[in-house]
Amino acid sequence: MDFTTRRSIRKYKDMPVEKEKIDELLKAGLLAPTGRNSRPCEFIVIDDKELIKEVGELREHGSSFVKDAPLVIGVMGEIGKSTTLLADCSIAGFAIQVKAHELGLGSCWVHVNERKTADGRTSEEYFREKVGAPDNLMVMCLIVIGYPNEEKPFYTEKDINLNKVSYNKYGNR
């Protein structure tokens, strides 16, 4: 995959994502690498428009665009099942985003873990309440998905800062 063409998309066409594509997205998340192959990640697929609108209010800032998306996948992990839970869920979320791009879909990560709602509750608590998820699941993020209704320029070589790369010893460029 050419990572220069993948961008975060926040505007979507008013058309559903096909079940076959949703299945492919979920397979990517379920097969993502996890620490010691612990497989702590669980997902909730939301395609109900009213529920998506409610879920879009889980953060004080930065999640209002969610309400217009046709599909949201909540990425969660079972607390205590992995010593690398945050990384496991992050990798799974990104695997879903990579697959979405491969399938011609746009996506955007909405961070949930350690965020708050406008009324001060945790975003995780709000999300779990809306979808009926148990307290033993940490909610990492939402992956918002749909057919893009915006175009963003591809990244170019000038966007790549190779000065952030060292070889064998820090500072060796």
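Close-up 1. Arginine 39 has its place in the loop between α1 and β1; helices (H or I, at least four residues) and strands (E, at least two) are DSSP runs, numbered from the N terminus. This is a predicted model, in which local features need pLDDT of at least 70 and side-chain atom pairs count only at pLDDT 80 or more, while totals for chains, interfaces and linings use all residues. Residues are numbered from 1 along each chain as its sequence is written, and side-chain values use heavy atoms, with hydrogens and water left out. Arginine 39 is not a glycine, yet its phi is positive, about 50°. Because its relative accessible area is 34%, arginine 39 is partly exposed (buried means under 20% relative accessible area, exposed over 50%, partly exposed in between, with a 1.4 Å probe and protein chains only). Asparagine 37 is found in the loop between α1 and β1 too, and this non-glycine residue has a positive phi of about 55°. For background, most residues other than glycine have a negative phi.

**Close-up 2. Helix α3 and what covers it.** Helix α3 runs over residues 85-102, 18 residues in all, and reaches 26 Å from its first C-alpha to its last. That is close to the 26 Å expected at 1.5 Å a residue, where the expected span is 1.5 Å times one less than the number of residues. Its buried residues include Leu85, Cys89, Ala92, Ile96 and Val98, and Asp88, Gln97 and Lys99 are also among them. The cover over the buried residues of α3 includes α1 (19-30), β1 (41-46), β2 (71-78), β3 (106-111) and β4 (137-146). Just after the helix, look for glycine 104, with a positive phi of about 85°.

**Close-up 3. Helix α4 and its packing partners.** In helix α4 (residues 123-131), the buried residues are Ser123, Glu124, Tyr126, Phe127, Arg128 and Val131. They pack against β1, α2, β2 and β4. Glycine 132 follows α4 and has a positive phi, near 75°.

**Close-up 4. Threonine 4 in the segment before α1.** Threonine 4 lies in the segment before α1 and counts as partly exposed because its relative accessibility is 25%. Leaving aside neighbours within four places in sequence, threonine 4 is in contact (heavy atoms within 4.5 Å) with Phe154 and Tyr155. Its C-alpha is separated by 6.8 Å from that of threonine 156, 152 residues apart along the chain. The side chains of threonine 4 and aspartate 2 are joined by a polar contact of 2.6 Å; such a contact is a pair of N or O atoms within 3.5 Å, and within protein one must be able to donate a hydrogen and the other to accept it, with residues adjacent in sequence counting only if both atoms are side-chain atoms.

**Close-up 5. Serine 63 in the loop between α2 and β2.** Serine 63 is found in the loop between α2 (49-55) and β2. With 1% relative accessibility, serine 63 counts as buried. A polar atom of its side chain lies 2.8 Å from the backbone oxygen of glycine 56. Apart from neighbours within four places in sequence, serine 63 is in contact with Gly56, Leu58 and Val110.
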